[in-house]
Amino acid sequence: ADNTVVMPDADGQYPDYIEVVNRSAESIDLFHYGLSNDRSEPLKYQFPDITLAPGQTVLVYASGKGHSADPNELHAGFKISKSSDTVFLSSPAGLIMDSVEINGLLSNMALVRQTDGSWQKSNTPSPGQPNTDEGVDAYCKALEEKRTSPIRISEAMTRNSRF
């Protein structure tokens, strides 16, 4: 809920994020399911036509902007407060199916659900990976591969009045 270094969006910003996982043995179509931080408005953000396979996750940035430079990124029009907030997952009919209460998170700390269903604060988030030591290792490996890519930006200009 106060992301400053984990999982930047396509705009180069580090918005809050919410990860949703399909824990069933069946694929689930998330079309019109919703996320919100307001119980009275459970469908503040509605998923587009996305189907999650068993075990698959989807990341939604709680950026407050609703969009980014990458049309494939999902951005909700609300943000999450690290001091006190609740995030709700709702059915297309607005029925609250799951929630997580956020209280007193530090910057770059995540709440991760354990296999027993309990929530634990974690200084080692693993978006897109399981909430296990192996998942953290896989996330860190993917980040390192990104950083060591031989392809780099070598120049950028915003405005040039001479040419």
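Strands (E, at least two residues) and helices (H or I, at least four) are DSSP runs numbered from the N terminus, and two strands pair if DSSP finds at least two bridges between them. The model is predicted, so local features need pLDDT of at least 70 and side-chain atom pairs count only at pLDDT 80 or more, whereas totals for chains, interfaces and linings use all residues. Residues are numbered from 1 along each chain as its sequence is written, and side-chain values use heavy atoms, with hydrogens and water left out.

**The sheet**

An open sheet of mixed pairing is formed by three strands in the order S1-S6-S7. Strand S1 (16–21) and strand S7 (74–75) each have a single partner strand and stand at the edges, so one side of each has no neighbour in the sheet. Strand S6 (residues 57–62) and S7 run parallel and are joined by two bridges. Tyr 61 has His 75 in S7 as its bridge partner.

**Asn 103**

Asn 103 lies in strand S9 (residues 96–103). Its relative accessibility is 36%, which means that Asn 103 counts as partly exposed (between buried, under 20%, and exposed, over 50%, with a 1.4 Å probe and protein chains only). Leaving aside residues up to four places away in sequence, Asn 103 touches Lys 82, Ser 83, Ser 84 and Lys 121, where contact means heavy atoms within 4.5 Å.

The table gives its side-chain polar contacts, each a pair of N or O atoms within 3.5 Å; within protein, one must be able to donate a hydrogen and the other to accept it, and residues adjacent in sequence count only if both atoms are side-chain atoms.

| Side-chain pair | Distance |
|---|---|
| Asn 103 and Ser 84 | 3.5 Å |
| Asn 103 and Glu 101 | 2.8 Å |
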